[in-house]
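Reader: Could you take me through this model by question and answer, giving the cut-offs as the terms come up?

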Amino acid sequence: MQSAAFTLTPSLRLPKLRRPSVSSAVKPRFDPIRVSASSKPNNFNDAVSASLPRRSWSLSSSSSDFKLRPWTSVPLVDSDARTKRFEVRATAETAGESSESGSSIFKTLELGALFGLWYLFNIWFNIYNKQVLKVFPYPVTVTGIQFAVGTVVVLLMWGLNLYKKPKVSGAQLAAILPLAIVHTLGNLFTNMSLGKVAVSFTHTIKASEPFFSVILSAMFLGEIPTPWVVASLIPIVGGVGLASITEVSFNWAGFWSAMASNLTNQSRNVLSKKVMVKKEANMDNITLFSIITVMSFFLLTPVGIFMEGVKFTPAVLQSAGLNVKQLYIRSFIAALCFHAYQQVSYMILQRVSPVTHSVGNCVKRVVVIVSSVLFFKTPVSAVNSFGTGLALAGVFLYSRVKRIKAKPKSA
């Protein structure tokens, strides 16, 4: 049987529906929108309700006569479609979480690799540098070579666009010049100490850097240390003193050179804070270090020629009975590692907090001391080991308690 459909447009008035009588209760009610005839007249209402979608109605009272606004169809909710949408949304959220987790794992691995390179470059620098200074006791020349190799690396980075070349004004160069001077002196004094005493003893003395940092920060920056910081300096000073008394290779030249290195390096850090307070966007830590390296090369080269002469030529080295090729290779590796470990150190500092960097630096010093003792077979007594360990424990404690801020004084 063919089906007929009657449609009511919105402009038609709502017809008055007659109240059904008891006898007509079983008869189908007229649908003002659409009526579908079925082959089964007895189940007319069921057929209509099953075939028609649900409608949402709204009435307008703009006139005395109620009119129907255009209607919208509200389809029945498909449980399968809802399940599919839920699955798609859950899959997208899971993919986002896995992407974030993968990114976090990658950053952790990258940071771990940087710490590993930092320690490895430090070990290689100290070992090769000590081997060079043993047979070539000219620390000014050796330090100048290290700055020369670092300058070449910096220029290659800028020339090949591996790192953005900065635009530095004359005023900025004038402000950086004091940093370059103390940076040059700090590395020169370190090499002077390495040439006189064992590597392990030099780094034990250099563990007292926090002592100079606290004093200089209080004098020039007005940073008053907390009681916890002052307490952490006691094992540092005591451990360095105990290790110095029992050191087999102890001599005053090596001792005071390492102390002077501490003083100049911490002066550089204090000056860096003053310079970097008003830094521009193109003056980050790596850029500052690169500029200082180039300036240190030009500062130290004429001083080295004046003080020690030109003694790194093949003719001079051969006349001294040295293996020229071996000395050149070791000097180049030491210089390359010298620049690389400082560069990586600044890269780590951009990714972690200063406290985490200080803890990593403390662990680095332990690794260097142990590696140098094993490589050079340095004789170490039990008391000397205890003094070194006490000093390093004080440095670790200092790096932890430095986060504790002093309570502001009430007015």
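Reader: Are W252 and W256 buried or exposed?
Author: This is a predicted model, in which local features need pLDDT of at least 70, side-chain atom pairs count only at pLDDT 80 or more, and totals for chains, interfaces and linings use all residues. Residues are numbered from 1 along each chain as its sequence is written, and side-chain values use heavy atoms, with hydrogens and water left out. With a 1.4 Å probe and protein chains only, buried means under 20% relative accessible area, exposed over 50%, and partly exposed in between. On that scale W252 and W256 are both exposed.

Reader: How many aromatic pairs does the structure hold?
Author: Rings of Phe, Tyr and Trp (the six-membered ring of Trp) pair if their centres lie within 6.5 Å, and planes under 30 degrees apart count as stacked, over 60 as edge-to-face and the rest as tilted. By this rule the structure's total of aromatic pairs is 21.

Reader: What kind of aromatic pair do F115 and W118 form?
Author: F115 and W118 are three residues apart in helix 2, and therefore separated by about one helical turn; helices here are DSSP runs (H or I, at least four residues), numbered from the N terminus. F115 counts as buried at 16% relative accessibility, and W118 likewise at 2%. Their rings lie 6.0 Å centre to centre with 55 degrees between the planes, so the pair is tilted.

Reader: Which residues of the largest nonpolar core touch the most other members?
Author: A nonpolar core is a set of buried Ala, Val, Leu, Ile, Met, Phe, Trp, Tyr and Cys residues joined through side-chain atoms within 4.5 Å. The largest such core has 18 residues, and those touching the most other members are W118, F121, F125, Y341, V344 and I348.

Reader: Which helix gives the most to this core?
Author: At least two residues of this core come from each of helix 2 (79-135), helix 3 (139-159) and helix 11 (324-349). The helix that gives the most, with seven residues, is helix 11.

Reader: What is V344 in contact with, leaving aside neighbours within four places in sequence?
Author: Contact means heavy atoms within 4.5 Å. With those sequence neighbours left aside, the contacts of V344 are L114, W118 and F121.

Reader: How far apart are the end C-alpha atoms of helix 3?
Author: The expected span of a helix is 1.5 Å times one less than its number of residues, so the 21 residues of helix 3 should span 30 Å. The model agrees with this expectation, placing the end C-alpha atoms at a separation of 30 Å.

Reader: Which residues does E209 touch, not counting those up to four places away in sequence?
Author: E209 is found in helix 6 (residues 209-221), and E209 is buried, with a relative accessible area of 13%. Beyond the excluded neighbours, E209 touches N262, N265, Q266 and R365.

Reader: How many disulfides does a search of the whole structure find?
Author: Two cysteines count as a disulfide here when their sulfur atoms are within 2.5 Å. Among the buried residues are C337, at 4% relative accessibility, and C362, at 6%. The number of disulfides found over the whole structure is zero.

Reader: How far apart are the end C-alpha atoms over residues 286-307?
Author: UniProt, in an unreviewed entry, places the feature "transmembrane region" at several stretches, including residues 286-307; such positions follow the numbering used here, feature names are shortened, and annotations may be inferred rather than shown by experiment. Over residues 286-307 the chain is 100% helix and 0% strand, and the end C-alpha separation is 31 Å.
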